[in-house]
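User: I want to learn how to read a fold from its model. Can you take me through this one?

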Amino acid sequence: MTLVGIIMGSTSDWETMRHAAETLDTLGVSHETRVVSAHRTPQRLYDYATHAADRGLKVIIAGAGGAAHLPGMAAAMTHLPVLGVPVESKALKGMDSLLSIAQMPGGIPVGTLAIGKAGAINAGLLAASILAIGDEALTARLKAWRTAQTESVAELPA
Ligand code: RP5
């Protein structure tokens with residue numbers, strides 16, 4: 001069963017959002033990817049968000065750049081946790097995306113990550129942490145990933 005849905009507003013977001021997918025691949029978490037634009041394909045967004053839980057998805061990762069209402073609109077239509085990734089926009093370097101995704105009025109939360117690649121990687125890690133609550137094997141893989149990261153840090157700068 002697919003556990004994580006990764007949605008994004010445009011194919012141009014994939015260069016950022018692929019890091020969420022690759023992180024989930026590394027941790028052995030099943031996921032799917034879809035281009036779902038809030039303003040260009042609103043019906044696709046409605047169908048995806050309203051059926052996500054019924055289809056067995058547990059977490060949604062939503063990335064968007066310009067007009068970054070996608071994560072908030074998805075969150076409005078599902079009770080599943082939605083993790084938002086602000087994609088770096090051309091005009092404002094992603095600050096507009098960050099503020100739009102983070103500043104949800106109280107009532108509909110979007111767990112907002114950092115702008116760009118770091119945010120996409122952390123969205124994958126956070127989705128895995130959420131799923132690991134009920135999954136001992138995934139917990140072990142997540143801990144091993146962190147141990148490997150720790151061991152990869154050199155003691156000397158050069
Ligand atoms: C948003 O506008 C997308 O999330 C993307 O970040 C941005 C630009 O989209 P394209 O014009 O590259 O399709 O909807």
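This is a predicted model: local features need pLDDT of at least 70, side-chain atom pairs count only at pLDDT 80 or more; totals for chains, interfaces and linings use all residues.

User: How many residues of S3 are buried?

Analyst: Count neighbours: a residue is buried if 20 or more other C-beta atoms lie within 10 Å of its own. In S3, 6 of its 6 residues are buried. One side carries Val 59, Ile 61 and Gly 63, and the other carries Ile 60, Ala 62 and Ala 64. Both faces are covered.

User: Which way do S1 and S3 run, parallel or antiparallel?

Analyst: They run parallel, joined by 5 bridges. Val 4 stands opposite Val 59 in S3. S3 and S4 are also parallel, with 5 bridges between them. There, Ile 60 has Val 82 of S4 as its bridge partner. From S3 the chain passes through helix H3, residues 70-76, to reach S4, and this β-α-β crossover is right-handed.

User: Which residues of H5 are buried?

Analyst: An α-helix has 3.6 residues a turn, so residues three or four places apart point the same way. In H5 the buried residues are Gly 119, Ala 120, Ala 123, Gly 124, Leu 125, Ala 127, Ala 128 and Leu 131. Their cover includes strands S1, S3 and S4 and helices H1 and H6. H5 has 16 residues and spans 23 Å between its first and last C-alpha, close to the 22 Å expected.

Methods: Residues are numbered from 1 along each chain as its sequence is written. Helices (H or I, at least four residues) and strands (E, at least two) are DSSP runs, numbered from the N terminus. The expected span of a helix is 1.5 Å times one less than its number of residues. A residue is buried if 20 or more other C-beta atoms lie within 10 Å of its own, exposed if 12 or fewer, and partly exposed in between; C-beta atoms are placed from the backbone. Two residues are in contact if their C-beta atoms, placed from the backbone, lie within 7 Å. Two strands pair if DSSP finds at least two bridges between them. A crossover is right-handed if, with the strands pointing away from the viewer, the path from the first strand over the helix to the second runs clockwise.
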